[in-house]
Amino acid sequence: MSLDPTRVRKDFPILERELNGRRLVYLDSAASSQKPRAVIDAMTRFIETSYAPTHRSAYTLATEATEAYETARLKVRRFVNAPSETEIVFTKNATESLNLVAYSWGRANLRAGDAVVLTHMEHHANIVPWQMLAAERGIELRWVPLTADGRLELTSLDELLDGAKAFCFTAMSNVLGTINPVRRLADAAHAHGAVAVVDACQYVPHVPTDVQAMGADFLAFSGHKMCGPTGVGVLWGREELLEAMPPFLGGGQMIADVRLDGFTPAPLPAKFEAGTPPIVEVVGLGAAIDYLGELGMADVRAHEQAVTAYALRVLHDRLGDRLTIHGPSSVEDRGGTVSLALEGVHPHDVSQVLDQTNVCVRAGHHCAKPLMRQLGVGATARASFYIYNDESDADALADGLVAATDFFSF
Amino acid sequence: MAGLEDLYREIILDHYRSPRNRGELDMPPAVRAEGFNPLCGDEIVIYVVVDDGVVRDIKISGQGCSISQSSASMMSAAVKGKSLDEARRLVRAFKAMMSIHEHVLDGDDGAEESEVLADVKLGDLEALRGVVKFPVRIKCATLAWNTLVQGLDEAAAPAGR
């Protein structure tokens, strides 16, 4: 059964809101998605009935809270087909997940002169932690360039990976919408003895995800981009890698024993979950996974491909040469994130005009300044489509862009 | 709801279409200051020549939205030929106009600062007053001014003389 965006929209209370007598056209889900009633209710219900600190006490509430928290971990495991729930680490967000890998795995495994390979389409979250490590350890960073249509240029991948210890890449670009061939990239990394660190922040909310089929070693994503709340992210890592890594943050919960002369870390995944975790948010993420599971991720992907194909077509028809799309022009291996350049109109001004009709798009560098430099722009306007968007939203975007060109035509 | 015409006044669009004092200057005598809006990637470079306590020349390059570009253009026209002291007072007056003051929280009207700067004539720059109604755009409008302050500080520093 295919996804019906009109029905889906009814699940999201915020989308009932009108501003100045007009409905919202929310096209910024790549930055953060809206939340369905099921998630809001699950979090409220948990707070109202079962909230207590987890993993601490024997009383009934604490047991219920712990059970809710750990059930969410099982849901995450199944959602990404991880071999074991002990490999699912809850973090604050994908940024923290990637920092955890760079800090903990990186410090344990990288020495001066070692190389880490990144790509020109990475989000700052998958660049800066490695740059921090590079500055501290004297490691070399190498970069996979892009093709003209916004895909990875892989012809010299083997040279770049030669002697590298890690290959860190996004599964889907948050600017271009490009979906990368994760399996092929992971295999290439492994052939050179490097680990594959996958930023799947833009992928997990939109595409059926199987970490084993991907061949990844680490995979990071955030709850708030997949209908869940802010404040919770996930790091999945292969067990033997996580086992061999030193802890990241120290504190309560992550220890088996603490003495005056030192500590023994807790077993996985507690080892990487120091302090009181985002309990309510984890429960909310579990509810978001249930919600997406009911929609069916294959249908989610099919819907987004269809609405993106429509958007690309209508934008081209309505705006022609005045509009440039940064990134793949076909929907093969492409997600619902569309970065735009409108001739003669700065992205900030584009988004300001679109706001007149409640069309919400992001304008800026999207935390990908190296990519902006590659594209030769300071910023783009980015529309991103999700489960609650349909063809009428693409039409509203096109109307707004036409209005922006009219307003700024000199 | 504040409409587009509150933000994009005709004079703003005019400065955006035909920016004044666009370009670069030889260094020395000019000093160069660079500003970034980390949120949106806008960049501005200001070249300023200060001689005998007067802003003799100013040129601006870089890229940005209509608000940041027109604000920079109007600023360059407003400070050229002014004394350092006048230029600094203009910066203060402009930034005061662009601020959402804490006195909004306290219920007073911020009259004190206004009195000090009452004699500063903002002229065309008044057109940017509407930007305050669009809080995320305030940083666009102030980018050039913050960068100018860096340039003036450098030009006024002993090593820059």
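The buried residues of helix α3 in chain A pack against α2 (37-49), β4 (88-91), β10 (233-237) and α10 (279-295) of chain A, where buried means that 20 or more other C-beta atoms lie within 10 Å of a residue's own, exposed means 12 or fewer, and C-beta atoms are placed from the backbone. This is a predicted model, in which local features need pLDDT of at least 70, side-chain atom pairs count only at pLDDT 80 or more, and totals for chains, interfaces and linings use all residues. Residues are numbered from 1 along each chain as its sequence is written, while chains are lettered from A and ligands numbered from 1 in the order in which they are written.

The buried residues of α3(A) are Ala65(A), Ala68(A), Tyr69(A), Ala72(A), Arg73(A), Val76(A) and Phe79(A). Seen down the axis of α3(A), they fall within an arc of 135 degrees, taken from the directions from the helix axis to the C-beta atoms, so they line one face of the helix. On the other side of α3(A), Thr60(A), Glu67(A) and Arg78(A) are exposed.

Helices here are DSSP runs of H or I with at least four residues, and strands are runs of E with at least two, numbered from the N terminus. After α3(A) comes Asn81(A), whose phi is positive, near 55 degrees.

Turning to chain B, Leu143(B) lies in helix α7 (residues 138-156), and Leu143(B) is buried because 25 other C-beta atoms lie within 10 Å. Although Leu143(B) and Gly35(B) are 108 residues apart in sequence, their C-alpha atoms are 6.6 Å apart in space.

Terms used. Contact = placed C-beta atoms within 7 Å.
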